[in-house]
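Biologist: Please take a close look at one part of this model. Start with a backbone detail, then follow the side chains.

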Amino acid sequence: MAKRKQAEDPQGSDFGTPEARRQAFHIVEQPDPQDRQTRRVRVEQDMVEWYLRRQYITVTQADALKKWQADAYLAGLMPACIGGYGQTVNGGTTEFSDMRVAAIARRANAIICLTNLSKYAVPMVDAVAINGKSAGRWIMEHVGGSPHEAMVWLQRFADALAKHFGLTR
C-alpha cells in the first residue's frame with residue numbers, strides 16, 4: 001500500500017486528496033532544453049496568481065497586490081529562505097539596511113491608505129497576498145460575509161493600492 005501511494009505521488013507532497021493537490025499546484029508546460037521536448041512542471045500556487053489566472057482581478061490589481069507582497073517580504077514579514085547569506089539582527093533600527101527601512105516606510109504609508117477604506121482592509125490584503133489564504137475563507141472566518149462579498153472587497157482594496165502605488169490614476 002505504501003509503495004502504491006508513493007508511485008501515485010513521486011514528489012511526496014502532503015496535500016491529502018487529489019483535489020487538494022490540484023488546487024495547491026498549477027501545472028505549466030515548460031520546454032526542456034536538454035532533449036527538446038516539453039515537460040510538465042508543478043508550480044505552487046500563489047493566491048494573487050490564482051485570482052489573476054481566473055480573471056477575478058485585473059493585471060493592475062495583481063501588480064498592486066504583488067507590490068504589497070514584495071514590500072512585506074523586504075520589511076521582514078515573510079520568511080526569507082537565504083541560508084547563510086547574512087546575519088539576523090534582533091536590535092534597533094540602526095542595523096536595518098536602507099532597502100528594509102524603505103520597504104517598512106512604503107508599507108506604513110500603504111497601511112494608512114488602506115485603513116482609510118476599512119478596518120478589515122489590511123488584514124484581508126495580508127491574508128491574501130502574504131499568507132496565501134483565499135479572500136472568501138478569510139471573510140467567512142473574520143467577518144461572516146459571503147465569498148462574493150470578499151471578492152468585491154478585495155477588488156476595492158487592490159484598486160486603492162494600485163492608485164496609492166501610482167499604477168493607476
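Modeller: Just after helix 4, G76 has a positive phi of about 95°. Helices here are DSSP runs (H or I, at least four residues), numbered from the N terminus. This is a predicted model: local features need pLDDT of at least 70, side-chain atom pairs count only at pLDDT 80 or more, and totals for chains, interfaces and linings use all residues. Residues are numbered from 1 along each chain, and side-chain values use heavy atoms, without hydrogens and water.

Helix 4 covers residues 59-74. Its 16 residues reach 22 Å from first C-alpha to last, close to the 22 Å expected at 1.5 Å a residue (1.5 Å times one less than the number of residues). Its buried residues (under 20% relative accessible area, 1.4 Å probe, protein chains only) are Q61, A62, A64, L65, W68, Q69, D71 and A72. Their cover, by contact (heavy atoms within 4.5 Å), includes helix 3, helix 5, helix 6 and helix 8.

Now the rings. The structure holds six aromatic pairs (ring centres within 6.5 Å; planes under 30 degrees apart are stacked, over 60 edge-to-face, the rest tilted). Y120 and W153 are stacked, at 5.9 Å centre to centre and 20° between planes. Y120 sits in the loop between helix 5 and helix 6 and W153 in helix 8, so this pair ties together parts 33 residues apart in sequence. W153 also pairs with F157: centres 6.2 Å apart, planes at 55°, so tilted. These two are four residues apart in helix 8, about one helical turn. Both W153 and F157 are buried. W153 has a relative accessible area of 17%. Y120, W138, W153 and F157 form one aromatic cluster.

Conventions. Buried < 20%, exposed > 50% of the residue type's maximum accessible area, 1.4 Å probe, protein only.
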